[in-house]
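Please open the model in your viewer and keep the selection tool at hand.

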Amino acid sequence: MSENIIKQPRWKTCEYTQRQVNDAGKVVCLEEATLEEKEHAVEIIDNWRAAHAYPLQIFYMHLHRITKGTDDVIVVQRLKRLDSILKKIERNPKMNLWRMQDLGGCRVIVSNVDQVYEFARKLKESRIRHIYKREYDYIQNPKSSGYRSLHFVYQFHSDQRDTYNKNILIEIQFRTHLMHAWATAVETMGIYIKQALKAGEGDEHIKRFFVLASSLLALRENLPVAENTSNNKADLVNEIKSIDSVHHILARLDAIRFAIENGDMRKIGKGGYFLLKLNHETNELKINSYKPSEVDDANKDYTTIESLKNPVVDAVLVRAESFSTLKSAYPNYFGDISEFINIMRTYIE
């Protein structure tokens with residue numbers, strides 16, 4: 001192929017009706033469903049997820065435009081992992097899959113809380129045809145787990161192409177670097193102890209440690225603390241110390257940090273799609289990179305890995321402008337939870 005010929009991406013479209021998509025979500029939860037029925041249901045769910053890739057790309061490019069020129073801003077996009085979709089349905093069997101709002105998501109990571117609301121306002125006021133649906137301010141009203149972020153949900157709409165005007169919802173998360181450091185530590189711990197900490201499941205002392213840590217970081221950013229925690233820094237620190245002295249959570253997080261075994265990093269593309277495959281048994285991270293025009297190949301490889309259902313492998317497909325941006329946005333895949341550990345140690349040591 002000549003170098004001046006650009007391969008255009010072949011974006012997936014939804015091949016099923018709303019009823020078929022919703023029925024597929026129900027079938028995967030049915031104990032009496034046959035293996036064949038469940039496999040077909042997963043095919044439908046995977047296609048519905050893949051159909052979000054083009055609308056997601058449109059939002060990703062728009063967010064880049066409104067944040068352009070501001071230092072230390074990270075914008076990334078991702079399709080929700082298939083196993084995460086299935087687990088979410090299992091936890092909420094009555095969930096309407098057609099209306100699941102986070103199959104496609106963009107994340108904007110900024111330096112401070114003011115920038116969170118500044119860029120959120122710019123998005124709201126920008127001249128886009130997409131339909132604003134709702135928002136969830138978990139910064140001013142943190143979840144009981146301690147999770148903080150500002151979420152917007154939009155329904156994709158195009159005046160030029162009706163192909164994707166099928167209730168495709170895109171979730172956009174705005175958060176600060178501190179909020180991101182906390183969320184990264186929670187997800188990393190959850191991966192390695194095989195507990196869905198993000199979903200509010202897992203050991204009570206670990207969950208309590210993280211909700212206290214969230215409130216401690218909230219005080220640094222002059223934000224409300226999580227429910228059932230003190231708004232006094234000394235009280236928070238003392239309880240964190242007490243838990244950590246018995247359960248050694250910081251030491252466990254420290255032990256999780258590992259070196260990337262990925263060969264020559266110079267072979268990784270400068271920007272585009274990155275397929276991360278983390279084996280949390282061997283602590284090995286493999287990365288495949290794809291040009292923006294190779295999104296179809298990237299999605300096929302992603303689906304193939306997920307179909308193997310390897311319990312010790314976590315995979316995610318991400319769009320990022322550079323490898324350094326990728327590492328900053330998904331440090332949990334690189335074992336890079338140093339920022340959170342270092343901050344916490346300044347308080348308790």
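A salt bridge is taken here as a side-chain nitrogen of Lys or Arg within 4 Å of a carboxyl oxygen of Asp or Glu. The model is predicted, and by this rule it holds 15 salt bridges.

Glutamate 135 belongs to strand β3 (residues 131-137) and lysine 124 to helix α5 (residues 113-125), so the pair ties together parts 11 residues apart in sequence. Glutamate 135 is partly exposed, at 33% relative accessibility; lysine 124 is likewise partly exposed, at 41%.

Next, select Asp46, Arg49 and Glu306, which are linked in a network of salt bridges. Between aspartate 46 and arginine 49 the closest N and O atoms are 2.7 Å apart. These two residues stand three apart in helix α2 (residues 35-50), about one helical turn, and both are buried. Arginine 49 also meets glutamate 306 in a salt bridge of 2.8 Å, N to O. Because glutamate 306 lies in helix α10 (residues 295-308) and arginine 49 in helix α2, this pair ties together parts 257 residues apart in sequence. Glutamate 306 is buried as well.

Now turn to the largest nonpolar core, of 48 residues, in which Ile45, Leu63, Ile172 and Phe174 touch the most other members. Helix α3 (residues 53-67) supplies its largest share, seven residues. Apart from this core lies another, of 33 residues, including Ala183 and Leu253.

Finally, centre the view on isoleucine 45: among the residues it touches are Ala24, Val28, Leu82 and Leu97.

Definitions and conventions: Residues are numbered from 1 along each chain as its sequence is written. This is a predicted model: local features need pLDDT of at least 70, side-chain atom pairs count only at pLDDT 80 or more; totals for chains, interfaces and linings use all residues. Side-chain values use heavy atoms; hydrogens and water are left out. A nonpolar core is a set of buried Ala, Val, Leu, Ile, Met, Phe, Trp, Tyr and Cys residues joined through side-chain atoms within 4.5 Å. Buried means under 20% relative accessible area, exposed over 50%, partly exposed in between (1.4 Å probe, protein chains only). Helices (H or I, at least four residues) and strands (E, at least two) are DSSP runs, numbered from the N terminus. Contact means heavy atoms within 4.5 Å. Lists of a residue's contacts leave out its neighbours within four places in sequence.
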